[in-house]
Amino acid sequence: MVTETPEIYQQHVRPYMAQQREEGRLNWVFNVLEGRKEQKDIIYRDPGQDGTKEEAFILAPDLNWDRTTLTSLHLLAIVERRDIWSLRDLNKGHIVWLKHMREKILEATVERYPEVDRDQVKLYMHYQPTFYHLHIHVVHVMLEPTSTQATGKAFGLENLISQLEAMAGGPDTGMADVSLTYVLGEAHDLWLEVFQPLAKGPKG
């Protein structure tokens with residue numbers, strides 16, 4: 001487990017995220033969002049409350065789901081906007097948007113899979129995520145727990161919304177202003193490049 005303070009995030013983790021984004025690792029995401037690939041897999045496309053890409057998102061099956069076993073249902077909601085890389089970029093000004101997404105995701109999921117009830121659907125985000133473009137995992141509550149759903153890696157959408165609502169401050173106050181404790185494997189680049197050196201302290 002590591003604790004990422006706002007200072008560590010701004011000074012070390014944010015630059016690491018930027019580097020990851022610049023290496024072309026998000027090309028597949030942009031290809032899907034822009035209609036160049038995998039369009040047949042999209043089960044719902046939301047234009048957003050105001051019809052702009054600021055609030056639009058798509059919903060599609062996760063690549064690891066067999067698309068048949070509903071108790072292992074796993075979808076991804078991927079936002080259109082490109083300025084929100086992770087939950088760290090969420091602030092109080094996004095609360096209404098997050099609630100809108102939550103409602104539309106649940107509606108689309110149970111409409112597409114009527115055998116699944118709303119209270120059987122769990123929404124969460126990873127931190128650290130596998131790619132730095134905001135996305136929400138949509139899974140059946142009976143999905144076999146794995147390391148990706150473990151406490152300290154999966155942050156429930158409901159809890160994130162509640163945390164933002166409870167924060168004092170204006171609309172720009174958000175998740176970048178708090179310390180986050182989460183699981184980070186010893187082989188992860190962030191551990192090797194940031195947290196392990198910080199734990200050892202300054203050389204000399």
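**Helices, a buried histidine and aromatic pairs**

I begin with helix H5, whose buried residues (buried meaning under 20% relative accessible area, with exposed over 50% and partly exposed in between, for a 1.4 Å probe and protein chains only) pack against strand S1 (2-4), helix H1 (6-22) and strand S8 (180-182). The structure is a predicted model, in which local features need pLDDT of at least 70, side-chain atom pairs count only at pLDDT 80 or more, and totals for chains, interfaces and linings use all residues. Residues are numbered from 1 along each chain as its sequence is written, and side-chain values use heavy atoms, with hydrogens and water left out. Helices (H or I, at least four residues) and strands (E, at least two) are DSSP runs, numbered from the N terminus.

Let me stay with H5. Which of its residues are buried? They are Leu190, Trp191, Val194 and Phe195. Viewed along the helix axis, these buried residues fall within an arc of 120 degrees, so they line one face of H5; the arc is taken from the directions that lead from the helix axis to the C-beta atoms. H5 covers residues 189-200, and its 12 residues should span 16 Å at 1.5 Å a residue, which agrees with end C-alpha atoms 16 Å apart. The expected span is 1.5 Å times one less than the number of residues. After H5 comes Gly201, with a positive phi near 85 degrees.

I turn next to helix H3. This helix runs over residues 95-112, 18 residues in total, and reaches 26 Å from its first C-alpha to its last, close to the 26 Å expected. Its buried residues include Trp97, Leu98, His100, Met101 and Arg102. What do the buried residues of H3 pack against? Their partners are strands S2 (44-46), S3 (57-61), S4 (74-79), S5 (121-126) and S6 (135-140), together with helix H4 (157-166).

His137 counts as buried, at 5% relative accessibility. Its side chain is joined to that of His74 by a polar contact of 2.8 Å. A polar contact is a pair of N or O atoms within 3.5 Å; within protein, one must be able to donate a hydrogen and the other to accept it, and residues adjacent in sequence count only if both atoms are side-chain atoms. Beyond its neighbours within four places in sequence, His137 is in contact (heavy atoms within 4.5 Å) with residues including Leu75, Lys122 and Tyr124.

Finally, the aromatic rings. How many aromatic pairs does the structure hold? There are 6. Rings of Phe, Tyr and Trp (its six-membered ring) pair if their centres lie within 6.5 Å; planes under 30 degrees apart count as stacked, over 60 as edge-to-face and the rest as tilted. Tyr16 and Tyr132 form an edge-to-face pair, 6.2 Å centre to centre with 90 degrees between the planes. Tyr16 belongs to helix H1 and Tyr132 to the loop between S5 and S6, so this pair ties together parts that are 116 residues apart in sequence. Tyr16 is buried at 8%, and Tyr132 is buried at 6%. Tyr127 and Tyr182 have ring centres 5.0 Å apart and planes at 85 degrees, so their pair is edge-to-face. Tyr127, Tyr182 and Phe195 form one aromatic cluster, and Phe195 returns us to the buried residues of H5.
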